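Please look over this structure with my notes beside you. The points are numbered so that you can check them one at a time.

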Amino acid sequence: SELLSVYKNVKFNDDGLKLHGDNLAEYLSGYDKAITALEVVDDTLLSRLPNLTVISKYGVGVDMIDMSAMHKYGKRFGWTGGVNCRSVSELVISFAIALLRHVPAAHREVLSGTWRQHVGGYLSGKTVGIIGCGHIGKDLVPLLNAFGCSILANDICDQSEFYLSHGVKSSSLNDLLIKSDVITLHVPLDESTENILDSDKLSLMKSTAILINTARGGLVDEQFLKAML
């Protein structure tokens with residue numbers, strides 16, 4: 001309704017089509033502005049859309065958009081950080097509790113006709129390591145504090161003021177992986193973070209530790225993780 005109140009010619013992907021390559025180029029052809037989510041916006045696509053001037057990203061990850069190509073073709077980009085931080089941080093809490101209490105395993109067993117008691121553990125009092133203390137990491141901290149968790153954080157930016165006011169301990173990535181009972185990833189995917197948890201890093205984790213990745217798959221060596229599991 002907001003778009004229709006401002007623009008006369010608006011097209012919506014109400015069918016939920018997965019648009020990419022030729023299909024995406026055809027869909028956006030002739031339009032001045034676009035709102036994208038998980039669509040790949042690269043040099044080839046932009047070269048075919050001379051009328052397109054602005055792309056607005058719905059969501060916070062920008063790894064699907066080739067920024068160099070955006071500059072090359074003079075396109076403008078709109079993005080707001082932190083808009084989905086509470087939904088992600090609550091999801092992390094739900095995953096942590098579910099995995100610590102073996103809820104997925106118990107659920108599968110009940111569906112298959114098996115009933116047995118699983119002895120799980122608390123989130124309360126656990127050491128939680130946050131890799132990336134940006135919008136989502138900062139939003140997650142007070143939720144973890146409510147459970148009395150010890151919180152370790154690793155970030156490339158100086159977050160000392162926030163850490164001090166919220167009882168968070170700054171940690172190297174190695175120490176965080178060694179000490180944490182729950183590890184949660186909240187960094188963007190780029191050249192500096194790709195495979196940030198490689199085989200060497202993953203091997204530092206406790207055998208009982210839980211790894212939660214609500215960010216991007218490319219942050220973790222998934223083949224090695226599969227072997228570990």
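1. Overall make-up. The chain has eleven helices and eight strands. Keep in mind that this is a predicted model. The chain holds 229 residues, and 34% of them are buried. Its C-alpha trace spans about 60 × 50 × 35 Å along the principal axes.

2. Contacts and surface. Take the contacts between residues at least 6 apart in sequence. Of these, 49% join residues at least 24 apart.

3. The largest nonpolar core. How many residues does the largest nonpolar core have? It has 20. L123, L144 and I151 have the most contacts inside it. Six elements each supply at least two residues of this core: α5 (85–100), β4 (127–131), α7 (135–145), β5 (150–154), α8 (160–166) and β8 (210–213). The largest share comes from α5, with four residues.

4. A look at I151. Which residues does I151 touch, leaving out those up to four places away in sequence? They are V128, I130, V141, L144, N145, G167, V168 and K169. L144 is on that list, and L144 is also one of the residues with the most contacts inside the core.

5. Helix α7. Six residues of α7 are buried: I136, G137, D139, L140, V141 and L144. What covers them? The cover includes the helices α5 and α8 and the strands β4, β5, β6 (168–170) and β7. V141 and L144, buried in α7, are both touched by I151.

6. The cavity. By the rule used here, the count is one cavity of 30 Å³ or more. The largest cavity has a volume of about 30 Å³. Its lining consists of V92, A96, L123, V128, L140, L144, V182 and T184. Two or more of these residues come from each of α5, α7 and β7 (182–185). By class, seven lining residues are nonpolar, one is polar and none is charged. Note L144 again: it lines this cavity and is buried in α7.

7. The largest pocket. How much space lies in the largest pocket? The volume is about 840 Å³. The pocket is lined by 36 residues, and V60, H186, V187, P188 and L189 are the closest to its centre. The largest share of the lining, three residues, comes from α7. The lining divides into 17 nonpolar, 14 polar and five charged residues.

8. The second largest pocket. This pocket has a volume of about 710 Å³. Its lining has 24 residues, of which L3, K11, K33, A34 and I35 are the closest to its centre. At least two lining residues come from each of α2 (21–28), β1 (33–36) and β2 (54–57). β1 gives the largest share, four residues. By class, the lining has 14 nonpolar, five polar and five charged residues.

9. Positive phi angles. Most residues other than glycine have a negative phi. Two residues here deserve a check on that score. H102 has a positive phi, near 55°. H102 lies in the loop between α5 and α6 (103–111). Is H102 buried or partly exposed? H102 is partly exposed, because its relative accessible area is 31%, and buried would mean under 20%. N195 also has a positive phi, near 60°. N195 sits in the loop between β7 and α10 (199–202). With a relative accessibility of 32%, N195 counts as partly exposed too.

10. R76 in strand β3. R76 is found in β3, which covers residues 76–78. Is R76 buried or exposed? Its relative accessible area is 62%. The cut-off for exposed is over 50%, so R76 is exposed. R76 is still in contact with T53, V54, I55 and M70, leaving aside neighbours within four places in sequence. R76 and S56 are 20 residues apart in sequence. In space, their C-alpha atoms are 8.4 Å apart.

How values were computed: Residues are numbered from 1 along each chain as its sequence is written. This is a predicted model: local features need pLDDT of at least 70, side-chain atom pairs count only at pLDDT 80 or more; totals for chains, interfaces and linings use all residues. Side-chain values use heavy atoms; hydrogens and water are left out. A nonpolar core is a set of buried Ala, Val, Leu, Ile, Met, Phe, Trp, Tyr and Cys residues joined through side-chain atoms within 4.5 Å. Buried means under 20% relative accessible area, exposed over 50%, partly exposed in between (1.4 Å probe, protein chains only). Contact means heavy atoms within 4.5 Å. On a 1 Å grid over the protein atoms alone, a cavity is a set of points where a 1.4 Å probe fits but cannot get out, and a pocket is an open set with protein on both sides within 12 Å along at least five of seven lines; lining residues have an atom within 4 Å of a point. Grid points are joined across faces, edges and corners, and a volume is the space filled by probe spheres set on the points. Ala, Val, Leu, Ile, Met, Phe, Trp, Tyr, Cys and Pro count as nonpolar, Asp, Glu, Lys and Arg as charged, and the others, Gly among them, as polar.
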